[in-house]
Amino acid sequence: MGWEAFEPALSRAEEMDAQTIWRCAADIPEEWYEGDRDGLIRLVEALHRRRGAIRNLITEFRRSSRNPFPNWRESPADSAMPLAARDRPLEAQRL
């Protein structure tokens with residue numbers, strides 16, 4: 001188990017454009033967001049902005065003391081990737 005366990009959903013989420021997110025949001029019943037259209041707009045914008053961080057968030061969680069993925073196995077492609085590119089903490093990337 002490794003990144004392949006998250007596919008194809010991970011790649012779809014990372015590549016999703018704002019229009020697709022809006023199409024999903026349009027199907028949310030208004031009572032679920034209590035008519036707070038501004039809040040829904042902020043949510044959609046945040047989801048679109050943060051989609052590029054998903055892989056790094058999974059990496060950080062995977063390496064946490066919780067050990068959420070005990071059967072994780074690095075693929076050869078992961079091993080070939082420069083350490084700095086795949087292991088840089090998300091906080092450092094935000095700077």
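Over which residues does pLDDT stay under 50? Let's start there, since this is a predicted model. The stretch to look for is residues 80-88, and the model has nine contacts beyond four places in sequence for that stretch. Where pLDDT is low, the predicted coordinates should not be read in detail, so treat such places with caution. For the protein chain as a whole, the average pLDDT is 86, and 79% of the residues score at least 70.

Now let's turn to the aromatic rings. The structure holds six aromatic pairs. Take Trp-3 and Phe-6: their rings form a tilted pair, 5.9 Å centre to centre, with 50° between the planes. How covered up are these two? Trp-3 counts as buried because its relative accessible area is 12%, which falls under the 20% cut-off. Phe-6, at 22%, is partly exposed.

With Trp-72 it makes a tilted pair, 6.0 Å centre to centre and 45° between the planes. Follow the chain and you'll see that this pair links distant parts of it: Phe-6 sits in the segment before α1 (9-15), while Trp-72 sits in the loop between α4 (54-62) and α5 (76-80), 66 residues apart. Trp-72 is buried, with a relative accessible area of 8%.

Trp-3, Phe-6 and Trp-72, together with Phe-61 and Phe-69, form one aromatic cluster. One more thing to find while you're here: Arg-55 lies over the face of Trp-3, at 5.0 Å from the ring centre.

Notes: Residues numbered from 1 in each chain as written. Predicted model: local features only at pLDDT ≥ 70, side-chain atom pairs only at ≥ 80, totals over all residues. Heavy atoms only, no water. pLDDT = per-residue confidence, 0-100. Contact = heavy atoms within 4.5 Å. Phe/Tyr/Trp six-rings, centres within 6.5 Å; stacked < 30°, edge-to-face > 60°. Buried < 20%, exposed > 50% of the residue type's maximum accessible area, 1.4 Å probe, protein only. Helix = DSSP H or I, 4+ residues; strand = E, 2+ residues; numbered from the N terminus. Lys NZ or Arg CZ within 6 Å of the ring centre and 35° of its normal.
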